[in-house]
Amino acid sequence: MKESGDSSNVPPGGQDVTAQDVVVSSLPAQDPGQSEPEAHYRLSQPPPLTDWERRQVTILFGGLTVAHERLIEGAWEGLGFHPKALPVPDNEALAIGREYCNRGMCNPTYYTVGNLLKYLFKLRKAGVPHIEERFVYLTAGSCGPCRFGTYEAEYRRALKQAGFSRFRIVLVQQARGLAQSTEDSGLKIDRGFILALVRGLMVGDLLNELGYALRPYEVVKGSVDDVLEQGRRWLYWALRDRESPVPVLRRIRKRIDKLAIDYSRVKPRVKITGEFWAQTTEGDGNYRMARWLEEEGAEVMVEPVGTWIDYLLWKRMQWVRDRKGLPTAAAREMPGLAEVRLRVGQIIFDSVYNTYRAALGFRTEPLASMDVLGRYADRYFNTRVGGGEGHMEVAKTIFSVRRRKAHMVISIKPFGCMPSTQSDGVQVKVMEDYPDALFVSVETSGDSEVNAKSRVQMVLFEAQARAREEFRRTAERFQLEGFPKTQVDEAKLEMPLPMTPLPRREIGTAANYLWWLQRPAALRSLPVPTEALTELLRKYRRR
Ligand code: SF4
């Protein structure tokens, strides 16, 4: 539905927006004798920002990890904006969200809307003047088909109920990519703004992935986080000064290579998938699952936000291909070069991501190929079904199992999430076809944390046993039984530099470390990431 700031179209009753308003006012007039149809409903908007306000306004945003948000702040500050990431949503935000939002929403709505209100209440309590003029909230938007499409209305409704009826919500429409249209809100979001966002997301992904890959093996507790925190500051400064992050990523790599690491610790690799927000947040919204798993002895694989960007490009390409040759307006609207342009966009995106990975010595994984994920999911899930993560939840589970990426997969879905519930149903069939896979689906509701974690613990126990068995088998293969035998042996173990990519012959890092020990001594410290390159080549070959 098109929005407009035209106040003449505001329905009687003011700005209180409900789904009923939209439906009822869109219907044709009931009285057959009435010739004039009712005016189409238009969502009322606060007046656009003035030039002065635009330069001063603080852009609030949130919903990602702390690393992503800090780096995005730097990237946007470099463009002259004043961004401010909200704190990680907690259960207090959930309670506020439940109080002000409609009933029957999914969990991320309550957490994110409540988090914004919680912040605004704090400002109001602190006596900050002109909150509605000095702050706007930037969030992603979509036309659905899941509740994501109703977020904007929920934000507006809750803000109005909380006494912030003139507060501005600025939407970045995820389907529009670089061509945003936000003039209505008075905040001009252009190509540079979106590219800065993408750059911040990419480096945030890499820092997060490195943290989860290295922390379980650090000899000095906290040493990896210390370096990554320093690296995050460097990257923030680089992005704010509009410099390339590549030299900084190289510097981070050198700093990490000075840390002591012990890869002989046998740990199961656990992949976290699920609904986008639930798998990404680092707070109560997913029971701080990733950090908790780490404390329980797992090596966690978090999903990069980059996968989502790749997915949006891929979906758009699928949309274009499906309409090729159709004599419809939609097909004519898309120029013939649309597919090529999207493909080039995807290649550029992947290339930049891999350039950043190269600066980190290819220690982090490449993004999974969307074509491969699509192929894996195809038997189980219609890849044209939208909403939430679409077919990706199912595809990522299969990918982790078939490509031997993880001992166990956890899918985190928020309470009330329709697309994740659909995926969970399909996962039953996937598990039937891949009986060796260890999979657990967790529904997060804000409470029942103990129940959810005890279910995860049971499967994690099995994953730990598998990791130990894999290590034993690999040690036996190389006649390293009982390896390492004593504390003294451990101290003498030769270790690769932390940023050296290990072979990917087994699932577990410790077992792969044994493979690394079999490399000729002269090749062990070579920075040539043969496995990473093989992976990359395979990805492009199978597109
Ligand atoms: S994917 Fe699920 S949790 Fe996320 S917005 Fe849609 S319905 Fe809500």
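Analyst: **A close look**

Tyr 380 is placed in the loop that lies between α16 (370–378) and α17 (392–402). Here helices (H or I, at least four residues) and strands (E, at least two) are DSSP runs, numbered from the N terminus. The model is a predicted one: local features need pLDDT of at least 70 and side-chain atom pairs count only at pLDDT 80 or more, while totals for chains, interfaces and linings use all residues. Residue numbers start from 1 along each chain as its sequence is written.

A residue is buried if 20 or more other C-beta atoms lie within 10 Å of its own, exposed if 12 or fewer, and partly exposed in between, with C-beta atoms placed from the backbone.

Neighbours within four places in sequence left aside, Tyr 380 is in contact with Val 394, Val 426, Lys 429 and Val 430. Contact means that the C-beta atoms of two residues, placed from the backbone, lie within 7 Å. Val 426 stands 46 residues from Tyr 380 along the chain, yet their C-alpha atoms are separated by 6.6 Å.

Helix α18 (residues 418–433) also supplies three residues to the shell around the ligand, the largest share. This shell holds 14 residues, the closest being Cys 106, Cys 146, Phe 148, Gly 388 and Cys 417. A residue is near a molecule or strand if its C-beta atom, placed from the backbone, lies within 6 Å of it. By class, nine residues of the shell are nonpolar, three are polar and two are charged. Ala, Val, Leu, Ile, Met, Phe, Trp, Tyr, Cys and Pro count as nonpolar, Asp, Glu, Lys and Arg as charged, and the others, Gly among them, as polar.

The whole chain gives the setting. The protein chain has 23 helices and eight strands, and 42% of its 543 residues count as buried. Among its contacts with a separation of 6 or more, 72% are between residues 24 or more positions apart.
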